[in-house]
Amino acid sequence: QRFVHHAAEKIIVPSASVARVAMERANVPANKIITIPNVVDPADFSPSPLPALSPRPYPIGFIGRLDPVKMVPDLLQAVGQLGDLVHLHLFGDGPEREAIHRTIRLLNLESRVTLHGFIPRPQDALSQIGLLVLPSISEGMPMVLIEAMAAGVPVIGRNVPGVKDVILDGETGLLAPSLLIPDLAETIRRLVTDPGLRSRLTQNATKRMRMCYTWETVLTRYKEALGFR
């Protein structure tokens, strides 16, 4: 990117965090960068069928590639600190699958974690969970968060690049206040035990998703960037 951006008039990136990386690591001039987010079609996502109350254990989930940057072992340790409050559903595959399986056994979480493997559609996973947790330490523009918002599933992440571009803390979801595992666990506990908070965040997230991440909005911005009238 450092070498090829000279041939481009504009560079389109999906988030403010990616824009900062482009400027700081690839020396892309700020006036070349246009930020246009990823997009979902709300019509592709049915509302979460889970009840508004808090069944125990409450079904929480992770959806994504099982990769070191996703920090799934941190989520497993957080689940270990929550006792029988939650059941974690892991959807995805990747190079960390075997290590994650070993961690589940080492933490004695076999009865509280289900490792589902790869799924072809995020909707298949979102219909089974009442809370999505993304414990990554860095993201570009996490599609899974806006997909969860489209399905009416509340979201939790960490206050890290990419994630904080999508989750407005206390408005459209919750951000764990630090990278410490107890903080992640407490953030999960807070949302699982407060159905009123879940409802408010979900309503706000749905409104923001429709305002920022649909084709109607994004295509308009692409037309502007490409000079179409």
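This is a predicted model: local features need pLDDT of at least 70, side-chain atom pairs count only at pLDDT 80 or more; totals for chains, interfaces and linings use all residues.
View 1. Apart from neighbours within four places in sequence, Thr202 is in contact with Gly152 and Pro154. Thr202 is part of helix 8, which covers residues 195-212. The relative accessible area of Thr202 is 15%. Because buried means under 20% relative accessible area, Thr202 counts as buried.

**View 2. Helix 7, residues 181-192.** Helix 7 consists of 12 residues. From the first C-alpha to the last, helix 7 reaches 17 Å, close to the 16 Å expected at 1.5 Å a residue.

**View 3. The buried residues of helix 7.** Ile181, Leu184, Ala185, Thr187, Ile188, Leu191 and Val192 are the buried residues of this helix. They lie on the same side of helix 7, because the arc they cover around the axis is only 160°.

**View 4. Packing of helix 2 and helix 7.** Helix 2 spans residues 72-80 and packs with helix 7 at an angle of about 65°. The axes of the two helices are 8 Å apart. The crossing in which helix 2 passes helix 7 is right-handed.

**View 5. Residues in the contact of helix 2 with helix 7.** Helix 2 contributes Asp74, Leu75, Gln77 and Ala78. From helix 7 come Ile181, Leu184, Ala185 and Ile188. By type, the residues of this contact divide into 6 nonpolar, 1 polar and 1 charged. Ile181, Leu184, Ala185 and Ile188 are also among the buried residues of helix 7.

Conventions
Residues are numbered from 1 along each chain as its sequence is written. Side-chain values use heavy atoms; hydrogens and water are left out. Helices (H or I, at least four residues) and strands (E, at least two) are DSSP runs, numbered from the N terminus. The expected span of a helix is 1.5 Å times one less than its number of residues. Buried means under 20% relative accessible area, exposed over 50%, partly exposed in between (1.4 Å probe, protein chains only). The arc is that of the directions from the helix axis to the C-beta atoms. Contact means heavy atoms within 4.5 Å. Axes are lines fitted to C-alpha atoms, for helices over the stretch in contact, and angles run from 0 to 180 degrees between N-to-C directions. A crossing is left-handed if the near helix is turned anticlockwise from the far one by less than a right angle, and right-handed if clockwise. Ala, Val, Leu, Ile, Met, Phe, Trp, Tyr, Cys and Pro count as nonpolar, Asp, Glu, Lys and Arg as charged, and the others, Gly among them, as polar.
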